[in-house]
Structure formats: structure tokens, C-alpha cells
Amino acid sequence: MPTLNLFSHPMYVMLKPIGAHCNLACTYCYYLEKAHLYDQVPRHVMSDRLLERFTQQYIEAQTMNEVLFTWHGGETLMRPLSFYKRALELQRKYARGRVISNAIQTNGTLLTDEWCEFFRENNWLVGVSIDGPQEFHDEYRRSRSGKPSWTQVMAGIKLLQKHGVEWNAMAVVNDFNADYPLEFYRFFKQIGCKYIQFTPIVERIVSHADGRHLASLTDAADAPMADFSVTPDQWGSFCCAIFDEWVRNDVGEVFVQLFDATLANWCGQTPGICTMGKTCGHAAAMEFNGDVYSCDHFVFPEYRLGNINSQTLLEMMYGDKQRAFATLKQKHLPRQCRECKYRFACNGECPKNRFVTDAYGNPGLNYLCRGYLRFFEHVAPYMDRMKQLLEQQRAPAEIMNEIKL
């Protein structure tokens, strides 16, 4: 296997300025329990000194002129607005001609006019976590006291729209809402959302001496699935149903991340989502105290790269441990994946989901494989045609007129 060149990708390090702390307690959240990694620390907040150290190193480490800062939680808006104003000051201080942009993920419940004015004035992209209509959203996205959150989230979205803030939706697909794909998708169109990321929830539960926790890739392969996880068949049906609606009515108007990534892979281009890419390793996560982990979904002790207070981002991101992590996608593909005609379209998807055995009894098959295979078989003729249109320097949206003929 050739040596992986991580420098061929921009470096991304997702920042956790409030750690795993959140004002909600969503049932399926994979990050809430990460707070237990730092039980000995009373306040999980990023210091000004650490913020400056990261900002300088992050900008200087980039090989591209454009630098994206990504803020994630927990709930990011639990840090005061002054924290993010300070972040902008530091970005300007160390930019040295680079083009800096910011994206922040929020559950939307803490948005105010002041926050939205700040985002609009500084051109921040805001990602809002919302799981569709109220019945679907409130099934799992509740406060610690069990109160529903949909009404608050919708109020936040209306504030974003009022102030002209660019925003997109991150919607988790689970065991409940996956059975209602068209109601789910049409809801986002009804509220004026043009950019949607559908994320299938796939989690296993393992028992430890201190309780039940989400499983890591290295945990027992036979760990039971969490009840809220979407099944492979649900995922396949969900994606196919929404695609049929999208390809007939919304190409070029509504941008669904999975469909865009699939078309990119069909055309031999790098997709805009790491799970569908050929390699991992260029997108890490940094906790409030400077600990850097290989990936946001691999915040486990065995995937800790180091700490920015004692090592540089360059040393961690281009070191042996991260290079080894980056080979997971290709190095451990089971035979069934290597023989699959759609390997190019998903590349085995996310390594965190590759814990079942393939048709030959080999470990490492993606739990959602059957669903993805159904989806790729279903969309293949449409992807082939949109690829042709792009090669002819025509808009993929022309496919809608052809379907209606």
C-alpha cells in the first residue's frame, strides 16, 4: 500500500470550546458521555491562552490559503459571545493574508437576536441540529429534565432567517423517523432549508464497571446495538425515497450532502464528507483542555494524539499515530468491500460503523452496508446521467426535465 500523503488535504481540527457540556440531553448523543473523560476537571471551558495557541498553530499549519474554523459541542452557545469575539480578534491577528471563515454547530435553543447579528455581520455558517417535524424531533432531543426542545429550536431558526444568517440542518436519522422519509424531507423544504445533512445514528452499547457506555471500534464486535440506531434496511429505504423526490423536483435547489457526495464519487472527485472519502485522518477534534483526538467520533483514550500544550498540531496531525488512523478505511476493508462494484461510492463509509462480518466471515463490514448497496443500485442510472451532463458542461438539474418527458 502506498504511503498516505495527508498534506494533500486541508487540515481540519474541530474545536470543542465547552467540551461535552450541553443544555440538552439527547438520548442518542455520542458526545455527552465524553465529559467523563475529564471528571477530575471542574470547569470544561477553553482558556484564552489555549485559544490563542490553537489559532496561531492552526493557521500556520495550513497548506491552503483558505482556513476554516469549526466550532462544535456539547452546545457551543454555552460559551459567551465575548469568547467568539475574542476568537475573531485572534484570527485577524494571525491571518497574515489568509482567508478565514467560521462554521458553528448548535442545537438552536440558545439563539438570540444578538447571536444572530454577530453571525450575520461576520459571515458565520450556522449548523442547526433538528430532527424534522415536532413529533420526530422531540422523540429523542429533550432537556435533562425531559422537556421537548422543538419549539425552541424553531424559534432559533426563525431568528437566523430574520437576520439573514446562512444556515443548514444536521438531521439525525434514527429508528423512529427513518420510517417517514418524505414527511421528514418535505419538512425541511417547508421551513426554507436548502442544505441538509442526514446522519444515520449507529451506536453500540458496552457494559463497564462504571456503567453502560457507547462502544468504540476496539470494543467487542458483538456489543448490542442501541435501540435508537437506524437499521440497514431502514437506511436504504429512507435514502431511496428521499432521492426519488429530490431527483424529480429539487436538483440544484436543495442540497442533500449524501447525494452531493455520491455524485462527487461518481465523477471521481473528492466528496465533501469524510465518511464517503477514500481516507480518514485529516479531520481531528480538540477538547477544551487541548487534547487532540484522531476524529470527533473517536474521542476515546486509545485515539488521543496528544495535547497542544506539549506538542504542536503539525506533530500530532502528521505523526505516526494519525497516519496509522488514516489507513483504517483502506487497510481493513473486508473481501466483500474489495469486490463490490460500488466500493468507489462509499469506500466502506465511516470506520466507526464497520463492526460486522462480511459474506465470507471477515470482520470489518459496515453495519449499514446493505442499506447503502440498495441506495447505490437505485440511484446508479441517475448518477450516470448527471455525470454525463457535467462532462458536457451542462447542469445536473437538467435531469429533472428528462425524467418528466
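Glu349 counts as buried, at 3% relative accessibility (buried is under 20% relative accessible area, exposed is over 50% and partly exposed lies in between, with a 1.4 Å probe and protein chains only). Glu349 also has a positive phi of about 55°, although it is not a glycine. You'll find Glu349 in the loop between α13 (343-346) and β13 (354-357); helices (H or I, at least four residues) and strands (E, at least two) are DSSP runs, numbered from the N terminus.

A quick word on the ground rules. This is a predicted model, where local features need pLDDT of at least 70 and side-chain atom pairs count only at pLDDT 80 or more, while totals for chains, interfaces and linings use all residues. Residues are numbered from 1 along each chain as its sequence is written, and side-chain values use heavy atoms, with hydrogens and water left out.

- Arg96 is another residue other than glycine with a positive phi, near 50°.
- Arg96 sits in the loop between α2 and β3 (99-106), and Arg96 is exposed, with a relative accessible area of 67%.
- Gly73 and Gly74 are joined by a cis peptide bond, with omega at about 10°.
- Gly74 belongs to the loop between β2 (66-71) and α2.

**Helix α5**

- Helix α5 covers residues 150-162, so 13 residues, and reaches 18 Å from its first C-alpha to its last, close to the 18 Å expected at 1.5 Å a residue (the expected span is 1.5 Å times one less than the number of residues).
- The buried residues in α5 are Trp150, Val153, Met154, Gly156, Ile157, Leu159 and Leu160.
- Those buried residues pack against α3 (113-121), β4 (125-129), α4 (134-140), β5 (167-173) and α6 (181-190).
- Just after α5, Gly164 takes a positive phi of about 70°.

**Salt bridges**

- The structure holds 17 salt bridges, each one being a side-chain nitrogen of Lys or Arg within 4 Å of a carboxyl oxygen of Asp or Glu.
- As background, side chains of opposite charge can pair when their charged atoms come close.
- Asp113 and Lys162 meet through their side chains at 3.0 Å, N to O. This pair links distant parts of the chain, with Asp113 in helix α3 and Lys162 in helix α5, 49 residues apart.
- Asp113 is partly exposed at a relative accessible area of 31%, while Lys162 counts as exposed at 58% relative accessibility.
- Arg385 bridges to Glu402, with the closest N and O atoms 2.7 Å apart. Arg385 lies in helix α14 (residues 369-391) and Glu402 in helix α15 (residues 399-404), so this pair ties together parts that are 17 residues apart in sequence.
- Glu402 is partly exposed, with a relative accessible area of 30%.
- Salt bridges that share partners join Asp48, Glu52, Arg86, Glu89 and Lys93 into one network.
- Arg86 and Glu89 are 3 residues apart in helix α2 (residues 81-94), so about one helical turn separates them.
- Arg86 counts as partly exposed at 27% relative accessibility, and Glu89 is partly exposed too, with a relative accessible area of 42%.

**Rings and charges**

- A search of the whole structure turns up 49 aromatic pairs. Rings of Phe, Tyr and Trp (its six-membered ring) pair if their centres lie within 6.5 Å; planes under 30 degrees apart count as stacked, over 60 as edge-to-face and the rest as tilted.
- Tyr342 and Phe344 make a tilted pair, 6.4 Å centre to centre with 45° between the planes.
- Tyr342 is buried at a relative accessible area of 7%, whereas Phe344 is partly exposed at 35%.
- Lys16 has its charged end over the ring of Tyr31, 3.6 Å from the ring's centre. Here, NZ of Lys or CZ of Arg must be within 6 Å of the ring centre and within 35 degrees of the ring normal.
- Arg204 does likewise with Phe355, its charged end sitting over the ring 4.1 Å from the centre.

**The nonpolar core**

- The largest nonpolar core has 98 residues, and Trp71, Phe119, Phe188, Phe198, Trp235, Phe243 and Trp246 touch the most other members. α14 gives the most to this core, with 9 residues.
- A nonpolar core is a set of buried Ala, Val, Leu, Ile, Met, Phe, Trp, Tyr and Cys residues joined through side-chain atoms within 4.5 Å.
- Leaving aside neighbours within four places in sequence, Phe119 is in contact (heavy atoms within 4.5 Å) with Leu77, Ile104, Leu111, Trp124, Val126 and Val165.
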